[in-house]
Amino acid sequence: MKVGSLVKRKPAFGEWVKRNPWMTTPKDLETGIILRIGRSGYWDYEVLWQGEYTDTHDESELEEVE
């Protein structure tokens with residue numbers, strides 16, 4: 001992932017969502033764009049989400065939209 005990449009959150013309930021799609025949360029369905037990549041002991045990504053707010057996430061919480 002790099003600045004400008006489209007991303008979405010990994011589902012809050014993880015692998016359970018594959019067999020139980022009703023377990024998705026509204027935030028699981030949002031798409032965002034990476035604004036900044038920083039490093040404070042680990043890689044963190046500042047993302048602008050569809051709801052027009054920014055949030056910082058660890059790399060393990062995001063997946064790139066292809």
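Modeller: Gladly, and a definition comes before anything else: two strands pair if DSSP finds at least two bridges between them. Helices (H or I, at least four residues) and strands (E, at least two) are DSSP runs, numbered from the N terminus. This is a predicted model, in which local features need pLDDT of at least 70, side-chain atom pairs count only at pLDDT 80 or more, and totals for chains, interfaces and linings use all residues. Residues are numbered from 1 along each chain as its sequence is written, and side-chain values use heavy atoms, with hydrogens and water left out.

Biologist: In the hairpin of β3 and β4, which residue takes a positive phi?

Modeller: Strand β3 and strand β4 (residues 54-58) run antiparallel and are joined by five bridges. Between the strands of this hairpin there are four residues, and the one with a positive phi, near 65°, is Glu-52.

Biologist: What pattern does the protein chain follow along the sequence?

Modeller: The chain has one helix and five strands. Read along the sequence, they give the pattern β-α-β-β-β-β.

Biologist: What is the radius of gyration of the protein chain?

Modeller: That radius is taken over C-alpha atoms, and the globule rule to set beside it is 2.2 Å times the number of residues to the power 0.38. For 66 residues the rule gives 11 Å, and the chain comes close to this, so it is as compact as a globular protein of that length; its radius of gyration is 12 Å.

Biologist: How many bridges join strand β2 to strand β3?

Modeller: Strand β2 covers residues 31-39 and strand β3 residues 43-49, and the two run antiparallel. The number of bridges joining β2 to β3 is seven.

Biologist: How many salt bridges does a search of the whole structure find?

Modeller: A salt bridge is a side-chain nitrogen of Lys or Arg within 4 Å of a carboxyl oxygen of Asp or Glu. One of them pairs Lys-18 with Glu-15, with the closest N and O atoms 3.1 Å apart. Another joins Lys-8 to Glu-63 at 3.6 Å. The search finds four.

Biologist: Arg-9 and Glu-30 also meet in a salt bridge; how many residues apart in sequence are the parts that this pair ties together?

Modeller: The N to O distance here is 3.1 Å. Both Arg-9 and Glu-30 are buried. Arg-9 lies in strand β1 and Glu-30 in the loop between α1 (16-19) and β2, so the parts tied together are apart in sequence by 21 residues.

Definitions and conventions:
Buried means under 20% relative accessible area, exposed over 50%, partly exposed in between (1.4 Å probe, protein chains only).
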